[in-house]
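Open the structure in your viewer and keep the selection tool at hand. The stops below say what to select and what is there.

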Amino acid sequence: QVQLVESGGGLVQPGGSLGLSCAASGSIRSITVGSWYRQAPGKQRELVAIISSGGRRTYADSVKGRFTVSRDNANFKVYLQMNSLKPEDTAVYYCNVVGLGTNSLAFASWGQGTQVTVSS
């Protein structure tokens with residue numbers, strides 16, 4: 001079983017920066033895709049950023065040029081650096097990891113979510 005623990009959320013003023021971390025633990029052989037989603041109150045969960053095993057990055061139009069997704073393959077971690085934050089970035093941010101377990105079976109896991117609030 002794979003567990004994800006997120007950290008780094010909080011309150012920041014508009015224009016500020018925050019960095020989120022997602023640490024995967026358990027019987028993991030490798031991570032294939034790491035991604036971040038967010039869900040604002042009253043809205044559906046939406047994809048923010050994806051990073052593939054080869055390092056290719058894809059972003060939602062709303063965060064392009066402001067957010068950067070990265071990964072640490074050796075330590076099974078995925079990161080999201082958020083700059084120039086706007087009030088509309090306020091949401092609960094979720095990490096999602098797809099990978100291969102030590103039992104050679106694929107897995108997909110979600111983090112518990114971390115609150116990001118952008119407000120003056």
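**Stop one: R66**

Select R66 and follow its side chain to the backbone oxygen of S62, 2.8 Å away; this is a polar contact (a pair of N or O atoms within 3.5 Å; within protein, one must be able to donate a hydrogen and the other to accept it, and residues adjacent in sequence count only if both atoms are side-chain atoms). The model is predicted, so local features need pLDDT of at least 70 and side-chain atom pairs pLDDT 80 or more, while totals for chains, interfaces and linings use all residues. Residues are numbered from 1 along each chain as its sequence is written, and side-chain values use heavy atoms, without hydrogens and water.

R66 sits in the loop between strand 6 (57–59) and strand 7 (67–72); strands are DSSP runs of E, at least two residues, numbered from the N terminus. Is R66 buried or exposed? R66 is buried, because its relative accessible area is 10% (buried is under 20%, exposed over 50%, partly exposed in between; 1.4 Å probe, protein chains only).

**Stop two: R45**

Next select R45, in the loop between strand 4 (28–39) and strand 5 (46–51). R45 is partly exposed, because its relative accessibility is 36%. Beyond four places in sequence, R45 touches Y37, R38, Q39, Y94 and W110 (contact means heavy atoms within 4.5 Å). R45 and Y94 are 49 residues apart in sequence, with 9.1 Å between their C-alpha atoms.

**Stop three: C22 and C95**

Finally, select C22 and C95, which form a disulfide with sulfur atoms 2.1 Å apart (the cut-off is 2.5 Å between cysteine sulfur atoms). This pair joins strand 3 (residues 18–26), which holds C22, to strand 9 (residues 91–101), which holds C95, 73 residues apart.

Notes. Helices (H or I, at least four residues) and strands (E, at least two) are DSSP runs, numbered from the N terminus.
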